Amino acid sequence: MSDGKGDVWVEAGFAELARSGVEGVRVEVLAKNLGVTKGGFYRRFADRAALLDAMLERWREGRAASIAQQTSLDGEAPRERLRAVIQLYSERLNPEGMAIELAIRQWARSDGSAAAAVASVDAARLKHVAELYRATGLAAEEADAQAFLFYCFIFGQSLLFVERGPRKRSQLVAKSAEKLLT
């Protein structure tokens with residue numbers, strides 16, 4: 001996988017995962033979607049399980065690196081960094097990314113490897129956001145609780161269909177998010 005040749009298969013796997021869940025990630029389907037033969041797949045992966053492992057690893061590494069970068073202070077105040085992360089996830093809806101997230105979480109309900117990847121990502125997310133809250137002066141236990149509420153809000157708001165239109169939705173999200181920053 002380090003030569004990048006499997007990347008197209010992994011990306012196709014994510015697209016199919018978002019569309020139809022882990023059951024839909026099948027070599028035949030991916031080859032058809034890519035317009036290639038299955039032979040190319042088997043030159044890169046031993047089997048479907050190897051592809052699924054590569055997908056979980058890519059997702060886990062990508063999510064952990066992403067939250068580390070998003071919560072890096074880089075001279076910014078902790079509350080401003082928290083505000084920026086809330087803005088990132090609430091103003092720029094990413095339906096494909098959310099579909100992948102939900103599909104991996106569904107997969108994790110019945111697969112130990114997927115569950116371990118989700119647990120690892122959740123731990124990284126909570127750790128980095130709790131560090132920001134600690135930097136605002138909260139004690140460790142309070143910071144951990146705030147980080148938990150933060151992620152409940154981030155994911156929960158993205159799943160709600162608010163019947164207010166995009167502008168009123170963003171105003172509601174912004175007003176709600178302020179509660180996480182005080």
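## The main nonpolar core

A nonpolar core is a set of buried Ala, Val, Leu, Ile, Met, Phe, Trp, Tyr and Cys residues joined through side-chain atoms within 4.5 Å. In this predicted model, the largest such core has 27 residues, and the members touching the most others are Phe14, Leu17, Leu51, Met55, Trp59, Ile104 and Trp107. At least two core residues come from each of α1 (7-20), α2 (27-34), α4 (48-70), α6 (95-108) and α7 (112-135). Helix α4 gives the largest share, with 6 residues. As a general background, nonpolar side chains tend to be buried together in soluble globular proteins.

Setting aside residues up to four places away in sequence, Leu51 touches Trp9, Val10, Val25, Leu30, Phe41 and Phe45. Another core lies apart from the largest one; this other core has 19 residues, including Val85, Ala130, Val173 and Leu180.

## Where α1 meets α4

How do these two helices sit against one another? The axes of α1 and α4 come within 10 Å and cross at roughly 85°. An angle from 65 to 115 degrees counts as roughly perpendicular, and α1 and α4 are therefore roughly perpendicular to each other.

On the α1 side, the residues in the contact are Asp7, Trp9, Val10, Glu11, Gly13, Phe14 and Leu17, and they meet Leu51, Ala54, Met55, Arg58 and Trp59 of α4. Sorted by class, this contact of α1 with α4 holds 8 nonpolar, 1 polar and 3 charged residues.

## The annotated region

The UniProt record, an unreviewed entry, places a "DNA-binding region" feature at residues 26-45. Across residues 26-45 the model is 75% helix and 0% strand, with 13 Å between the end C-alpha atoms.

His128 belongs to helix α7. Is His128 buried or exposed? Its relative accessibility is 15%, and buried means under 20%, so His128 counts as buried. Beyond residues up to four places away in sequence, His128 touches Ile67, Ala68 and Thr71.

Leu138 sits in the loop between α7 and α8 (140-159). With a relative accessible area of 31%, Leu138 is partly exposed, because that class lies between the 20% limit for buried and the 50% limit for exposed. Leaving out neighbours within four places in sequence, Leu138 is in contact with Tyr133, Ala143 and Gln146.

Key:
Residues numbered from 1 in each chain as written. Predicted model: local features only at pLDDT ≥ 70, side-chain atom pairs only at ≥ 80, totals over all residues. Heavy atoms only, no water. Buried < 20%, exposed > 50% of the residue type's maximum accessible area, 1.4 Å probe, protein only. Helix = DSSP H or I, 4+ residues; strand = E, 2+ residues; numbered from the N terminus. Contact = heavy atoms within 4.5 Å. Axes fitted to C-alpha atoms, helices over the stretch in contact; angles between N-to-C directions. Parallel < 35°, antiparallel > 145°, perpendicular 65-115°, else oblique. Nonpolar A, V, L, I, M, F, W, Y, C, P; charged D, E, K, R; others polar. UniProt positions renumbered as here; feature names shortened; annotations may be inferred.
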